[in-house]
Amino acid sequence: MLVWSRSGRAFVWALFALVFAPLVLAPLAILGIAAFAGDWNSVLPASWTSENIREATAGTNYDSLVVSIETALGASLIAIVVGTWAAIAARTAPRFVRRLTDAVFHLPVAVPSVVVGLGMLVAFSDGPILLNGTKWIVIAAHAVLVVTFAYSTVSAGLDRTDAAFADVAASLGASAARVLLRVRLPMLLPSITAAASLAIALSMGEVGATIMVYPAEWRTLPVSVFTLTDRGKVLLGSAVTVVLLVATLIVLLLVGLLKGRVEERKRRR
Amino acid sequence: MTGAAETSGANKQAASDPGPDRTPDHPAGLDAHLVVTRGAFRLDVHLTAAPGEVVALLGPNGAGKSTALRALAGLTPLGAGHTRLAGVDLEDPRQRLYTPPERRPVGVVFQDYLLFPHLSALENVAFGLRCQGVARRDARSLAAHWLDRVDLAEHAGVKPGRLSGGQAQRVALARALATHPRLLLLDEPLAALDARTRVAVRATLRRHLADFDGVAVVITHDPLDAMVLADRLTVIEAGHAVQTGTPAEVARHPRTDYVARLVGLNLYRGTISAGGVDLAAGRRLVVAELPDADEVFVAFPPAAVTLYRTRPDGSPRNLWQVEVDGMELHGDTVRVELTGPVPLLADVTPLAVAELELAPGKPVWAAVKATEARAYPA
């Protein structure tokens, strides 16, 4: 804390609450209320119902939930593999190549996601690679959008680990493959799981590029929220959003659990 | 690398300069001529050693010690020269021969030890064995045996983060030795330890090095580490070997100011004339026993210097008026740095400091007995 006096600290906390409450907490609270509102014409809803939540977890909305999770897992897996590979390879590449790789892998966040979506649509609507109309164009678009975070998180992890460990492994007779699998990747595991969590969270919420490319049978949950509210079904839209939030949270918790299990197994071995 | 008086068989081999095409002195040992150029810096050092011998590379920071280590391990390719170990040519740029680190029978104990943080002590030691294709079970039992040898059996399952500095060093040593290397390299093996554990760890390390049947090369900037651990020293400065010999020899007959300062001796170079030694700028040192040579080094310990407030009676033959430049407490003596016609280091008692009223800038008379100074051929 940079502010030391008691009154000064109280003032800072009050200011933080004043900004945080209306900007972050209020919209979330309203969403929670709206998800369970039967009908809402005055300050508070006139009646309560669980009908919206039931509808948000059934039928097409349930299909969308599964689509969202599959897309997030698939896109994140691709992004982690490509991003980690690029980050490790760029480390030993000449300075110029490294700079170029840095720039290329930061491009997807530098340009608006709509541009990424449109680009994918134009690029893959015709041969030689025809992805338009399949789920793969959505997964590919998400992978492109989250690969930046995978790349930069793993790069930061590499900055923190000592490159000399590769020398140590080599001096002990480890082949390049063994150095990668037994030393570099295990030491990067915390960065890789952090990158995976971030990529999944971002993919679960992505709408800008998805809306440009999604085929009718591969509609993600955020797109459903968008179309529902667009048609005036705000309360159902809120319920779907709550489902999206909970689903994202559960997936991230599972990733965290998996990471714990891997570390536990390594400790026991 | 023309050494001074040779006192051991090992030193004879070091003193002779192995030409590039000569057969190595030790078919089973190390014969290396390391040449690495990096920008303006050039390392050019010959190293030979018999199996079982411990050689220390002693030098100031930036002298090229670490470059030499990396070159021996294959982590930095040679620009010229060669590396032969245990009768096998490992590297020779002229024949485009280069053996990568993972295929050299070389073990390294790195500075700060660099134990794999994600592996237990046992897994760290087993790592090299697994690389050699030893089955997991056998690797683990061999690793356990090595941990037992360094008295760390009960720490097998511990992650490196929870080991003390001395324990980490022993795990690193066990890890390097477990692969049965023919050359063991130790990079500043004691630098990461605090002064108290250092003494004990140094003694333990010496015992383990004595048990090792391959060639051991210790890199250090600490003369005490070098003297205690090594059978032979090679002092390098600015990428070149300036002196090679047994610790006793190097300590008694330093050949550069750096070595003299390391072992705490006053060192001068001059020419013999009329029962004394002519130094630069017309100064003379009278020495009791002179060797049969023209150019000589003269060395004497700081304790051989006596200080007087006024010009002493009886006039010792080596007497100069000098000025106090600085003082430093060493144990229970005070080392006084003196400037003047002959720069000197003098050791005096704190009582003498008080009686002589020594302080920076104070002029005093300094005398050196002719019997305390040793002269040896340059």
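**A close look at chain B**

Mentor: Let's start with one pair: the side chains of B:R284 and B:D278 come together in a salt bridge, 3.2 Å from N to O. Keep in mind that this is a predicted model. B:R284 has a relative accessible area of 31%, so it counts as partly exposed. B:D278 is partly exposed too, at 26%.

Next, look at B:R335 and B:D347, whose side chains form a salt bridge at 3.0 Å, N to O. This pair links distant parts of the chain, with B:R335 in strand β18 (residues 333-339) of chain B and B:D347 in strand β19 (residues 344-348) of chain B, 12 residues apart.

Then there's B:E357 with B:K362, a salt bridge at 4.0 Å, N to O. B:E357 is partly exposed because its relative accessibility is 47%, and B:K362 is partly exposed with a relative accessible area of 22%. Elsewhere, B:R198, B:R202, B:D222 and B:D225 are joined into one network by salt bridges that share partners. Over all chains, the structure holds 18 salt bridges.

Now step back and take in chain B as a whole. It has 10 helices and 21 strands, and its C-alpha atoms fill a box of roughly 80 × 50 × 40 Å along the principal axes. Of its 378 residues, 52% count as buried. If you take the contacts in chain B between residues at least 6 apart in sequence, 64% of them join residues at least 24 apart.

Just after α3(B), you'll find B:G133 with a positive phi of about 90 degrees.

A loop is worth a stop as well. B:H253 sits between α8 (247-252) and α9 (257-263) of chain B. Its relative accessibility is 16%, so B:H253 counts as buried. Leaving out residues up to four places away in sequence, B:H253 touches B:Q243, B:R374 and B:Y376.

Chain A brings 19 residues to the contact and chain B brings 23. There is 1 salt bridge between chain A and chain B: the side chains of A:D167 and B:R70 meet at 3.2 Å, N to O. The count of residue pairs in polar contact between the two chains is 4, with both residues at pLDDT 80 or more.

On the side of chain A that touches chain B, the elements giving two or more residues are α7 (164-171), α8 (176-205) and α11 (234-268) of chain A. Of these, α7(A) gives the most, with 7 residues. Sorted by kind, the residues on that side of chain A divide into 10 nonpolar, 2 polar and 7 charged.

Note on methods
Residues are numbered from 1 along each chain as its sequence is written. Chains are lettered from A and ligands numbered from 1 in the order in which they are written. This is a predicted model: local features need pLDDT of at least 70, side-chain atom pairs count only at pLDDT 80 or more; totals for chains, interfaces and linings use all residues. Side-chain values use heavy atoms; hydrogens and water are left out. Helices (H or I, at least four residues) and strands (E, at least two) are DSSP runs, numbered from the N terminus. Contact means heavy atoms within 4.5 Å. A polar contact is a pair of N or O atoms within 3.5 Å; within protein, one must be able to donate a hydrogen and the other to accept it, and residues adjacent in sequence count only if both atoms are side-chain atoms. Ala, Val, Leu, Ile, Met, Phe, Trp, Tyr, Cys and Pro count as nonpolar, Asp, Glu, Lys and Arg as charged, and the others, Gly among them, as polar. Buried means under 20% relative accessible area, exposed over 50%, partly exposed in between (1.4 Å probe, protein chains only).
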